[in-house]
Amino acid sequence: MSQKTVVTFGTFDLFHYGHLKILERAAAYGDRLIVGISSDQFNFEKKKKYPVFSEGHRMEIVSAIRYVEGVFLEESFEKKREYLVEHQADVFVMGDDWRGKFDEFKDICEVVYLERTPELSTTEYKSIIRNLLDS
Ligand code: C2G
């Protein structure tokens, strides 16, 4: 029987517990999990700022997680379909901050939105660190 492939995407900057949990839960949907890491340039285009950790470091960190079989660089929203086909996605998983945004891919794979781990975000951690530095 062929393996069931799960694909997910994200920046995974300042890798934290919420990131770990979504990778663990995404992996449970199939036999192998492939992760598209948003490139530095793609982040700048989306958010007008660069991640703290470089794309090379973010790729290495995520690929070292035991739930992850492989990583690739995600360069734009427009290439999403191409990436899903290339990596033979059976299931496409994203956090529910993206709910409904990727339903157009239901014609080629199952699209699953998982609840985010509450109260954890890179933005929140940045503000905690900023407050520590200010105090
Ligand atoms: N996440 C989570 N719980 C948190 C924080 C994040 O489940 N407390 C999930 C997000 O929902 C996402 C993944 O972790 O599925 C990665 O989060 P980000 O790095 O913030 O990803 P983002 O910048 O939204 O990139 O093409 C889409 C982009 O690549 C998504």
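Is Tyr50 buried, partly exposed or exposed? Tyr50 counts as partly exposed, at 46% relative accessibility. The model is predicted.

**Ligand site**

- The ligand is surrounded by 22 residues. The closest are Ser38, Glu74, Lys80, Asp97 and Leu120.
- The side chain of Thr11 places an N or O atom 2.8 Å from an oxygen atom of the ligand.
- Phe12 contributes through its backbone: a polar backbone atom is 2.8 Å from a ligand oxygen.
- Lys47 uses its side chain, with a polar atom 2.9 Å from an oxygen atom of the ligand.
- Taken alone, the ligand exposes 640 Å². The protein buries 95% of that area.

- Ser38 belongs to strand β2, which spans residues 32-38.
- Its relative accessible area is 1%, so Ser38 is buried: the cut-off is under 20%.
- The Ser38 side chain makes a polar contact of 2.8 Å with the side chain of Glu74. Glu74 is also listed among the residues closest to the ligand.
- Leaving out residues up to four places away in sequence, Ser38 touches Gly10, Thr11, Asn43, Lys46, Arg58 and Glu74.

**Thr8 in strand β1**

- Thr8 sits in strand β1. Its relative accessibility is 3%, which counts as buried.
- Where does the side chain of Thr8 reach at 2.6 Å? It reaches the backbone oxygen of Val93.
- Beyond residues up to four places away in sequence, Thr8 touches Leu23, Leu33, Ile34, Val35, Gly36, Val93 and Met94.

**Aromatic pairs**

- The count comes to 12 aromatic pairs.
- Phe9 and Phe92 form one of them, with edge-to-face geometry.
- Phe44 and Tyr50 form a stacked pair. Their centres are 4.6 Å apart, with 20 degrees between the planes.
- Phe44 is partly exposed, at 29%. Tyr50 is partly exposed as well, at 46%.
- Ring pairs also build a cluster: Phe9, Phe42, Phe72, Phe77, Tyr83, Phe92, Trp98, Phe102 and Phe105 are linked.

- Trp98 is in the loop between β4 and β5 (110-114).
- With a relative accessible area of 24%, Trp98 is partly exposed.
- Trp98 touches Phe77 and Tyr113, not counting residues up to four places away in sequence. Phe77 is also in the ring cluster.
- Trp98 and Glu115 are 17 residues apart along the chain. Their C-alpha atoms are separated by 10.0 Å.

**Charges over rings**

- Which ring does the charged end of Lys46 sit over? It sits over the ring of Phe42, 4.4 Å from the ring centre. Lys46 is also among the residues that Ser38 touches.
- Lys80 lies over the face of Phe9, at 4.1 Å from the ring centre. Lys80 is also one of the closest residues to the ligand.
- Both rings, Phe42 and Phe9, belong to the aromatic cluster.

**Positive phi outside glycine**

- Lys48 has a phi near 60 degrees, a positive value in a residue other than glycine.
- Lys48 is in the loop between α2 (40-47) and α3 (55-63). Its relative accessible area is 59%, and Lys48 is exposed.
- Gln88 is not a glycine either, yet its phi is positive, at about 55 degrees.
- Gln88 lies in the loop between α4 (80-86) and β4. Gln88 is exposed, with a relative accessible area of 58%.

Conventions. Residues numbered from 1 in each chain as written. Predicted model: local features only at pLDDT ≥ 70, side-chain atom pairs only at ≥ 80, totals over all residues. Heavy atoms only, no water. Helix = DSSP H or I, 4+ residues; strand = E, 2+ residues; numbered from the N terminus. Buried < 20%, exposed > 50% of the residue type's maximum accessible area, 1.4 Å probe, protein only. Polar contact = N/O pair within 3.5 Å; in protein donor to acceptor, adjacent residues only side chain to side chain. Contact = heavy atoms within 4.5 Å. Phe/Tyr/Trp six-rings, centres within 6.5 Å; stacked < 30°, edge-to-face > 60°. Lys NZ or Arg CZ within 6 Å of the ring centre and 35° of its normal. Near = heavy atom within 4 Å. Areas by Shrake-Rupley, 256 points an atom, 1.4 Å probe, with all protein chains shown as cover.
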